[in-house]
Amino acid sequence: MLGKDVKKRFKMYKAGKSWVVAPLVFFGMVAGLELTTNFAAADTVNQNDPTTVAAKTISDTSQQEKPTVATTAQATTANNTTSSASAAESQSTNANAQDAISVDKSQTTTTTSTANEAATTTQTTAQATTQQNTSTKLTVSKVVVKNNVVNASALAANKTQVAQPQINYGGDITYDVSGNGGAKATNATNVSGVSNSSNSIPSVTNASTTVRNFVNQIGSAAMQVSQEYGVYASMMIAQAGLESAWGQSQLARQAHNLFGVKYNGRGEYVLMPTLEFYGGAYHTVYAKFQKYSSYYDSLVRYAQLLRSNFPNSTKRAGSYQWAAQNLRHGVYGAYATDPTYASKLTNLINTYFLYRFDQPVSQEKYENGHWYLYKNGQRQTGFQHLSQGNRVVYYNGQGQMVYGQQRINGHWYYFDESSGAMQTGVKYIASQHKNVYYNSQGQMQYGEQNINGHWYLFAQRSGAMQTGFQKLPDGRIVYYNQNGQIQYGEQRINGYWYLFDRSSGALKTGFQRLSDGRTVYYNQVGQMQYGEQRINGYWYFFDKSSGAMSVGFQKLPDGRTVYYNSQGHMQYGEQKIGFGWTWYLFDQSSGAMKTGFQTLADGRKVYYAGNGKMQYGEQRIGGYWYLFDQASGTMKTGFQYIPKYQKTVYYDEKGHMQYGEQRINGYWYFFDKSSGAMSVGFQKLPDGRTVYYNSQGHMQYGEQKIGSGWTWYLFDQSSGAMKTGFQTLADGRKVYYAGNGKMQYGEQRIGGYWYLFDQANGAMKTGFQYIPKYDKTVYYNDNGQMQYGWLEVNGDTYYLEYGSGAVAKGKMKISDYWYDFDSTTGKMLAASSNL
């Protein structure tokens, strides 16, 4: 019963040659909810009272929230309903009070009883607690275990000393066990005498796949529109199939237009060819057709058209045959020009049995805080079977759906607090702390009941399921477990294994040889030892199924993985286990196997994998690479050499392998972004710097002599970036580094000038310099640039030849003049003479 959002849509339909826009409102119940119900506890009513469900309601005005789903409000209301019967129940302390309380008929209109029938449960909680917490003290000597079978004689010789526990007889089960026996309450679906209000959707089988698929696709929507607008679903489906080629027409596929409705000037449209009959013949024309968002919308427009223009083709016609015939007599004329149109529709309806879609449809409505069921406009009462959720519900005399416990015609029923569905099976009544049983007809049952092959016991007055030990009249002690089932053979009860006679169910005690060869022991109250047990200062684990002492690794119920040695003793601390003598670590207190990073008593930080095994070597953990010592498993930090990959890597104080630039102990290093390998030599960093790391991986600064040729480079003192171009060194030398960072020597042409750098230290030369290679003397100015032409130096005049820069010596004709230069120094000696 999902509430629909209130939607108002404007439906366009054909009215003769014109178009009309009409509002169509879908009503969904999303208004404020005020739910009412009469709630009475099943154990507070005299079972002989023949009265039916109370008509009086208690308004719960606290629920003013407007839910999207109506059932949410229903559940809230049922949970908030106050029962005077429940209050009376809580005041009763013994069974005698049940008969002392009379029925107060003034509290309800037709049926309310305040007799408390649940007082017999007063002591059961304490009894169950005492029974479960019974402490068994054992003195056990060493027992040899082979193949998990305990030697019976060894056990007998132990002179086991057991405290004398007492059998505490049970009572009501006060906690929820409804789902533990395979009979948890579910929606009742096969109840005799219930009106069927299900809306079953017929299916078409005697047709092609195309027809079947189309009818199945629009059948539900057609039935809904039929109910809302009073038209025949059969005729809608037939006409839609006829006009849309059973949904295969281009108009149906592209525009959800099933009836060839033409465009009215609003919304979307598609342009399609169509056949029109006039002048005694069919003609193809192109026209605009309306485009719909769904087939449902198309059906609604169709229904609106019938009601306004073809009222005698609605259910007013009395049959789908007459409705089809009346399509020729609309307010504005015939629906179709085809004279055989009506017979075509009728034949389709009959051929495919489409008249089955004309069956009445039930409709749930949420009104003023209550759910009602309408059929043919009438509110329904009593038991009803609804198709939505496949459930049986009950509507009281006012037609309101009821929830929770309800007494109807002398029987107690239970209806789901949310959906109102009648329940069958075992149900836990939280407000009364009891489990009850409703048979297939939804009626509460009492006494012994066989449910799914198990015998249960339900209190004769309250219907509450019983549990615990019970002493039967013939003297046998039997047991109903926490699920309420009588026990036979081996049974685990409240944490212990018991043995009950397979025929009589009588409790057995002492040593017993089981059919599978196990020898087990049941103490004075029949308890087998099982699970975790602390015996003589050691923890043991006994198999939950067989009782056999466990050895080796075990997964305990609390999630711990522990280890028991060959004597069954739980182990603690570091343990070397298995054929490979693998190291494990167990918690010193709980014995739980440790995983992940652990710091051992000797200070080692190690790592245990998910299977508990200590790890060695390289390990990828949580997205990081770690390194653990191959012998001790100790987590490595700092610089480490990995022989397998012939690489040096670095692990920080957390053991994480590092990547990229890292400053370590005052040095910058660079580690490969992928492998983590420490880089040496030249590296191009992401920020564009070219730097150099020596053989130890240290970034270098200042002057560095690198490579087999011992070439000099210069690196920035701060960033380590490789320098290029002219640089003045700390010792005053002005040198030059090429684009590859190498210091330059000898003659170098830079920026259009010749320079000379010392062959040994790379210092830029200035002044007169002799170039042996070319047997010439040249002159470099203070900027180191080779000079040409006339030059005055310290009062002396020189001439430097253009092209080579060589100092002129001896006699030389320069610009039509002869000059005399010193043959050694090149100084001009005599004035020039003009020839």
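Student: What makes strand 7 and strand 18 (residues 423-429) count as paired?

Tutor: Strand 7 and strand 18 share 2 bridges in the antiparallel sense, and two strands pair if DSSP finds at least two bridges between them. Strands here are DSSP runs of E with at least two residues, numbered from the N terminus. In strand 18, Q423 is the bridge partner of N187. This is a predicted model, where local features need pLDDT of at least 70, side-chain atom pairs count only at pLDDT 80 or more, and totals for chains, interfaces and linings use all residues. Residues are numbered from 1 along each chain as its sequence is written, and side-chain values use heavy atoms, with hydrogens and water left out.

Student: Why is the contact of K765 and D758 called a salt bridge?

Tutor: A salt bridge is a side-chain nitrogen of Lys or Arg within 4 Å of a carboxyl oxygen of Asp or Glu. The N to O value for K765 and D758 is 2.9 Å, so the pair meets the definition.

Student: Why is D758 called buried, and what is K765 called?

Tutor: Buried means under 20% relative accessible area, exposed over 50%, and partly exposed in between (1.4 Å probe, protein chains only). D758 has 17%, so D758 is buried. K765 has 24% relative accessibility, so K765 counts as partly exposed.

Terms used: Helices (H or I, at least four residues) and strands (E, at least two) are DSSP runs, numbered from the N terminus.
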